[in-house]
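Please read the points below alongside the sequence and the model.

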Amino acid sequence: MNEKKTNIAFSVNQLNLYYGENQALKDIRLECLEHEVTALIGPSGCGKSTFLRVLNRMNDLIEECRIDGKVMFHDENIYASETDVIGLRKRVGMVFQKPNPFPMSIYDNIAYGPRCQGVKKKEILDEIVESSLMQAALYDEVKDRLKESALSLSGGQQQRLCIARTIAMKPDVILMDEPTSALDPIATQKIEDLVVELKERYTIIIVTHNMQQAARISDQTAFFLMGELIEHGATSKVFSTPDNPKTEAYITGRFG
C-alpha cells in the first residue's frame, strides 16, 4: 500500500530572533507540514506570536528586530536578500487576533486584494468574492447584503470575512494569531470547524491559548516557553504522553 507523501511547507533551523539586546526566540528548529494544522501553544510572552510573524516577515516592520538562522518555505530561504516580501505575504496570508475588516462593503473587503493585484473585470471579481466567502462558510449569511458595510457584521462574521479576504489572495499558507480569542463559543465553534475544512486546501499555523482548541483542530502541536521550543510532535502524542514534564504541566494546568 502506498503511503501518502507529506511535503514540508516551512522548515526552520537554528532560528534566533532579537529585539535590540533582548533575545525573544532561541535556536528554534521546527517543520510545519503541508495541509496540516500546526498549533503553537504556550504562556503569554513565550514567543509563539513572534514566531508566527517570522513566517511572513511581519517582524520586518519592527525597527530593532534582528534574525539569525534559516527559514525555508518550499525550499526558498525567505530571509534571503532577493526575497520578494510582498509576494511572500501573498502566499503566506495572516488572520489576526481581533477581526479587522476594512471600513467598506463586504464585497469590497474581499475584492480589495485582487484589485490591487490588477484584477479589474467584474465577473472575475464576482467569482473571487463568492468563492472566498463560500470557503469561509459565510456566503449564505451575507449573499443578499454584499454592498452593506463589513462593520455591520457580528464579531464572528467579521473574523470569517477576514479569513475570506485572505483566501481571495490564493495563499499557500494561512497564519492565524489567536483568531477566536475575542469571540463567543458559538462563533468560536464555527471558526474551528472552518479551520478543519480549510486544511484540505491550505496549510494552517495557528497560535492559541486554548488547550482544548489545540487538541480539537490541530494535527501537530509546538509548545513554546520563554523563547524556546520545548516540544513538538503529533497533537495526539503531545497531549497524551508528552516527552517533557514542562509540556505536561502546561497542558494539565499545573504550570507556573
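**Notes on strands and helices**

1. Phe10 has Cys32 of β2 as its bridge partner. Strand β1 (residues 8-19) pairs with β2 in the antiparallel sense over eight bridges. Strands here are DSSP E runs of at least two residues and helices are H or I runs of at least four, numbered from the N terminus; two strands pair if DSSP finds at least two bridges between them.

2. This is a predicted model, in which local features need pLDDT of at least 70 and side-chain atom pairs count only at pLDDT 80 or more, while totals for chains, interfaces and linings use all residues. Residues are numbered from 1 along each chain as its sequence is written, and side-chain values use heavy atoms, with hydrogens and water left out.

3. The β1-β2 pair belongs to an open sheet of four strands in the order β2-β1-β4-β5, with antiparallel pairing. Its edge strands are β2 (22-33) and β5 (76-77), each of which pairs on one side only.

4. Strand β3 (residues 37-41) is mostly covered, with five of its five residues buried (under 20% relative accessible area with a 1.4 Å probe, protein chains only; exposed is over 50% and partly exposed in between). Val37, Ala39 and Ile41 lie on one side, and Thr38 and Leu40 on the other. In a regular strand the side chains alternate between the two faces of the sheet.

5. β3 pairs in the parallel sense with strand β8 (residues 203-207) over four bridges, and Val37 is partnered there by Ile204. Four bridges also join β3 to β9, again running parallel; Ile41 has Phe223 of β9 as its bridge partner.

6. β9 (residues 220-225) pairs in the antiparallel sense with β10 (residues 228-234) over six bridges. The two form a hairpin with two residues between them, and Met226 in the turn has a positive phi of about 50°. Thr221 has Gly233 of β10 as its bridge partner.

7. Why is α6 largely enclosed by the rest of the structure? The reason is that 12 of its 13 residues are buried; Leu161, Cys162 and Ile163 are among them. These buried residues pack against elements including β6 (92-95), α4 (122-135) and α7 (185-198).

8. The axes of α3 and α6, lines fitted to C-alpha atoms over the stretch in contact, come within 7 Å and cross at roughly 30°. The contact (heavy atoms within 4.5 Å) is made by Ile106, Asn109 and Ile110 of α3 and Leu161, Ala164 and Arg165 of α6.

Key: Axes fitted to C-alpha atoms, helices over the stretch in contact; angles between N-to-C directions.
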